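Hi there,

Here is the structure I promised to pass on to you. Please have a look at it first, and then read my notes below.

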Amino acid sequence: MGISLAACGGGDKNDSSGGGSGGDQTLTYWASNQGTSLDNDKEVLTPVLQKFTQDTGIKVNLEVIGWNDLQTRIQTAITSGQAPDVVNIGNTWAASLQATDAFLPFDGDAMGAIGGKDKFVPTALATGGKEGTDPTSVPLYGLAYGLYYNKAMFAAAGLQPPKTWEEMVTDAQKLTVPAKKQWGMALAAGSYTENVHFAFINAAQNKADWFDADGKPTFTGDGNVQGVLRYLDLMQKDKVANPSNAQYDNGTKSVNDFATKKVAMVINQNNADSSIVANGMKAGEYGVVPFPAPSGAEQVASHVAGINLSVFKNTKHKDAALKFVKYMTDATTQTTLGKPFSSLPVLKDAKPVFTTDAAEAATFQDVYNTKSKPLPLVPAEDQFESTVGKAMNSMFAKIATGGTVTADDVKAALKTAQDQVAAGS
């Protein structure tokens, strides 16, 4: 998107921008793509940013950046020093970016300037950086996984929405009818980011961790191996997912299969609603329950997904940037952006507005607030995502072409990933 960026020069590093004047201050803001397109994001954000300028006199130059480019752009900005003032980040990148020392810590003063830590949902704030440190990012948009199910298919088969992993598999098997080209579930089995999320969630249900207290990888633990195998077995042993799902390299493709009624269930984040409706499925035709854990396992139904907001440490408009962060995370702005971006509120006691279905809203908010766990808050988290996620892509591809993946195969693949991460840390 060709929105011009202003340089970060001008003014004292800690210049004040209080009141309604703000002088000629201009903040540069890099926003991530949250809506249906980069242009859609611009349309949604522009009036919100104009309101901020009216209130404070501080101008904001906006650039919306697609997810395929955002991390590279941020890393280039870190190395070059030519950075924006404020940037959206995927919250799973927080600890890795924190380790670069390029971002402003939200210490006591900075956190106080944006309204204090107590306004945020604790699990959301926990994604802001390494445990025990001042976070270098704060929550902006919340997301969580849920299990979407087709109400008509479940009713026709006399089934209730599943509460356990075992019930989910049994239901999916009953709803898999290859002769009708109908499958129980759709998986984004060719997406390394989706795969690693479920490696993490399934392992968390087994009370397993991917890193030890010193940040060293512990990928080959039995809980991790069994968690990955349980997810792979949806295609391999349980045979409830079409082998062609191994080619689905993003979550939208599996959601589209659900929306067009080719499958009975799909696991996706709450922003799937817009794709479901866009494909012609009416809101009342589907329901959502938490992604189920095996009987007796830990009730972890999602990682704490979403987008955080960071301020570059080299900003020459620190006070203005903090005012902007406060504005973007206040209750009014959160409500304004919650519906178009299909996000969950990151503020305590705030109500979801992304759907008019009260049951769906309550389910996702409960998962986000009480059944979610942050992805590993370590500098090597990004390497964890790429190595483990891509290993799972390969294992799904093997299954899809008639091969077999055993627990020993999973352990060997995770050992390779673990060695790569250990060598790079």
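How many salt bridges does the structure hold? The structure holds nine, where a salt bridge is a side-chain nitrogen of Lys or Arg within 4 Å of a carboxyl oxygen of Asp or Glu.

Before the details, a word on the source. This is a predicted model, in which local features need pLDDT of at least 70 and side-chain atom pairs count only at pLDDT 80 or more, while totals for chains, interfaces and linings use all residues. Residues are numbered from 1 along each chain as its sequence is written, and side-chain values use heavy atoms, with hydrogens and water left out.

**Salt bridges**

One of the bridges joins lysine 207 to glutamate 298, with 3.9 Å between the closest N and O atoms. Lysine 207 is in the loop between α8 (192-205) and α9 (222-232), and glutamate 298 is in the loop between β8 (286-289) and β9 (302-303), so this pair ties together parts 91 residues apart in sequence. (Helices, H or I with at least four residues, and strands, E with at least two, are DSSP runs numbered from the N terminus.) Lysine 207 is exposed at 63% relative accessible area, whereas glutamate 298 is partly exposed at 36%. For these words, buried means under 20% relative accessible area, exposed over 50%, and partly exposed in between (1.4 Å probe, protein chains only).

Lysine 373 and aspartate 209 also meet in a salt bridge, at 3.1 Å from N to O. This pair links distant parts of the chain, 164 residues apart: lysine 373 belongs to strand β11 (residues 372-373), and aspartate 209 to the loop between α8 and α9. Lysine 373 is partly exposed, with a relative accessible area of 28%, and aspartate 209 is partly exposed at 46%.

Within helix α16 (residues 407-424), lysine 415 and aspartate 419 are four residues apart, which means that about one helical turn separates them. Their side chains form a salt bridge of 2.9 Å, N to O. Lysine 415 has a relative accessible area of 39% and aspartate 419 one of 40%.

**Aromatic rings**

There are 21 aromatic pairs in the structure. Rings of Phe, Tyr and Trp (its six-membered ring) pair if their centres lie within 6.5 Å; planes under 30 degrees apart count as stacked, over 60 as edge-to-face and the rest as tilted.

Phenylalanine 52 and tyrosine 327 are a tilted pair, because their ring centres are 5.2 Å apart and their planes at 45°. Phenylalanine 52 sits in helix α1 (residues 38-56) and tyrosine 327 in helix α12 (residues 318-328), 275 residues apart. Phenylalanine 52 is buried at 1% relative accessible area, and tyrosine 327 is buried at 12%.

Tyrosine 141 and phenylalanine 341 pair edge-to-face, at 5.5 Å centre to centre with 75° between the planes. Tyrosine 141 is in strand β4 (residues 138-143) and phenylalanine 341 in the loop between α13 (331-338) and α14 (358-370), so the pair ties together parts 200 residues apart in sequence. Tyrosine 141 is buried at 3% relative accessible area, as is phenylalanine 341 at 2%.

You will also find a cluster in which ring pairs link Tyr145, Trp165, Phe198, Tyr231, Phe291 and Phe396.

**Charges over rings**

A charge sits over a ring if NZ of Lys or CZ of Arg is within 6 Å of the ring centre and within 35 degrees of the ring normal. Arginine 73 places its charged end over the ring of tryptophan 30, 4.6 Å from the centre.

Best wishes
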